Amino acid sequence: MTNPTPIRTMMIDTADLKRTFKTRTGAVEAVAGVDLHVNAGEIFGFLGPNGAGKTTTLRMLATLITPTAGDATVAGADLRREPALVRQRIGYVPQGGSTDPAETGRGELVLQGRLYGMDAADAKIRAAEVLDKLDLVSAADRPTGTYSGGMRRRLDIGLGIVHRPQVLFLDEPTTGLDPQARARMWDEIKRLREQGTTVFL
């Protein structure tokens, strides 16, 4: 596995980023031109009412949908010309989660590590580190379908950080969590920032 590129001063930089969707009744402008400047090591909260285009913007920055117009660099890579490089350097945790209920937490993390180029031994070591950091060791070898909502959300975060991304995108990470699990999640987000990860939520 290659080492991540050194952290840059500006981790997310966008200019007039737009996204329009075509519908039967015409074009819908979901994102009407966003300018963002997020520094390395920052926790950046992207706020707005429902329907304001937050998730669409996040999905563009994570290369899941292509911008209609505008320019952006993420972790030093051009969003339009180097999407594969952007994907190597980021982690993405969607709102709904992404775990397989039949797979164990450890198995999910090892698989994610392998998908990012780790060999089997390194992926197992890194999975154990992440499980420990997220207080999931006791549930590591249980199917994720048996996890509580808070445990599943912590595992989602683990899947986003197992490959040590430079930027972590979190789409409403505390939705549906009880107050204790929410406080634990914020502690983990702060810890990630302290370790040098830029967090966009």
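Biologist: Why are E6 and strand E7 (residues 167–170) said to pair?

Modeller: DSSP must find at least two bridges between two strands; E6 and E7 have 4, in the parallel sense, and therefore pair. Valine 93, for example, has leucine 170 in E7 as its bridge partner. This is a predicted model, in which local features need pLDDT of at least 70, side-chain atom pairs count only at pLDDT 80 or more, and totals for chains, interfaces and linings use all residues. Residues are numbered from 1 along each chain as its sequence is written, and side-chain values use heavy atoms, without hydrogens and water.

Biologist: What makes E3 and E6 edge strands?

Modeller: Strand E3 (43–44) and strand E6 (90–93) each pair on one side only. The open sheet has 4 strands in the order E3-E8-E7-E6, with parallel pairing.

Biologist: Which strands does helix H5 lie across?

Modeller: Helix H5 (149–161) lies across E6 and E7, at about 160° to E6 (axes fitted to C-alpha atoms, for helices over the stretch in contact; angles from 0 to 180 degrees between N-to-C directions).

Biologist: Why is the set of 25 residues called a nonpolar core?

Modeller: The term requires buried Ala, Val, Leu, Ile, Met, Phe, Trp, Tyr and Cys residues joined through side-chain atoms within 4.5 Å (buried: under 20% relative accessible area; exposed: over 50%; partly exposed in between; 1.4 Å probe, protein chains only). Those with the most contacts inside this largest core are Leu61, Val74, Phe169 and Phe200. Its largest share, 5 residues, comes from E2. A second, separate core of 16 residues includes Ala127, Leu131, Ala140 and Leu155.

Terms used. Helices (H or I, at least four residues) and strands (E, at least two) are DSSP runs, numbered from the N terminus. Contact means heavy atoms within 4.5 Å.
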